Amino acid sequence: LVLNKYKQSLVDIYGHTDSQGKDGYNLDLSQRRAQSVASYLSTQGVDSRRFYVKGEGEGRLPHAICCAR
């Protein structure tokens, strides 16, 4: 895993959802998605102290989606 090679790198992990469902549910879902990625990376030996984990809900679109429109 490349993150294990560059041990000084910090990792931002953002979770997102679409606009279906209620805002509160989507925010919680996006947080769980981001945390799931962080948990997986931890099982791969990446130090979780390097992570910034945040759920964005439907409020902020990922770059790949917003720029493809």
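Q: Where is the place of Arg-50?
A: Arg-50 sits in the loop between α2 and β2 (51-55). Helices (H or I, at least four residues) and strands (E, at least two) are DSSP runs, numbered from the N terminus.

Q: What should I know about the model and its numbering?
A: This is a predicted model, with residues numbered from 1 along each chain as its sequence is written. Local features need pLDDT of at least 70, side-chain atom pairs count only at pLDDT 80 or more, totals for chains, interfaces and linings use all residues, and side-chain values use heavy atoms, with hydrogens and water left out.

Q: Which side chain of opposite charge is nearest to Arg-50?
A: Start with the terms. Lys and Arg count as positive, Asp and Glu as negative; His and the chain ends are not counted. A salt bridge puts a side-chain nitrogen of Lys or Arg within 4 Å of a carboxyl oxygen of Asp or Glu. Buried means under 20% relative accessible area, exposed over 50%, partly exposed in between (1.4 Å probe, protein chains only). Here, Arg-50 is buried yet has no salt bridge. The nearest side chain of opposite charge is Asp-47, 6.7 Å away.

Q: What does Arg-50 touch?
A: Contact means heavy atoms within 4.5 Å. Not counting residues up to four places away in sequence, Arg-50 touches Leu-3, Tyr-6, Lys-7, Ser-9, Leu-10 and Val-11. A polar atom of the Arg-50 side chain lies 3.1 Å from the backbone oxygen of Leu-3.

Q: How do I read the largest nonpolar core, and which residues are in it?
A: A nonpolar core is a set of buried Ala, Val, Leu, Ile, Met, Phe, Trp, Tyr and Cys residues joined through side-chain atoms within 4.5 Å. The largest one has 7 residues: Val-11, Ile-13, Ala-34, Ala-38, Leu-41, Val-46 and Phe-51. α2 gives the most, with 3 residues. Phe-51 touches Val-11, Ile-13, Ala-38, Leu-41, Ser-42 and Val-46, not counting residues up to four places away in sequence.

Q: Why does Asn-26 count as buried?
A: Asn-26 counts as buried because its relative accessibility is 2%. Asn-26 is found in helix α2. Beyond four places in sequence, its contacts include Thr-17, Asp-18, Gly-57 and Glu-58.

Q: In what order do the elements of the chain run?
A: From the N terminus on, they run α-β-α-β-α. That is 3 helices and 2 strands. Buried residues make up 25% of the 69 residues. Of the contacts with a separation of 6 or more, 67% join residues 24 or more positions apart.

Definitions and conventions:
A polar contact is a pair of N or O atoms within 3.5 Å; within protein, one must be able to donate a hydrogen and the other to accept it, and residues adjacent in sequence count only if both atoms are side-chain atoms.
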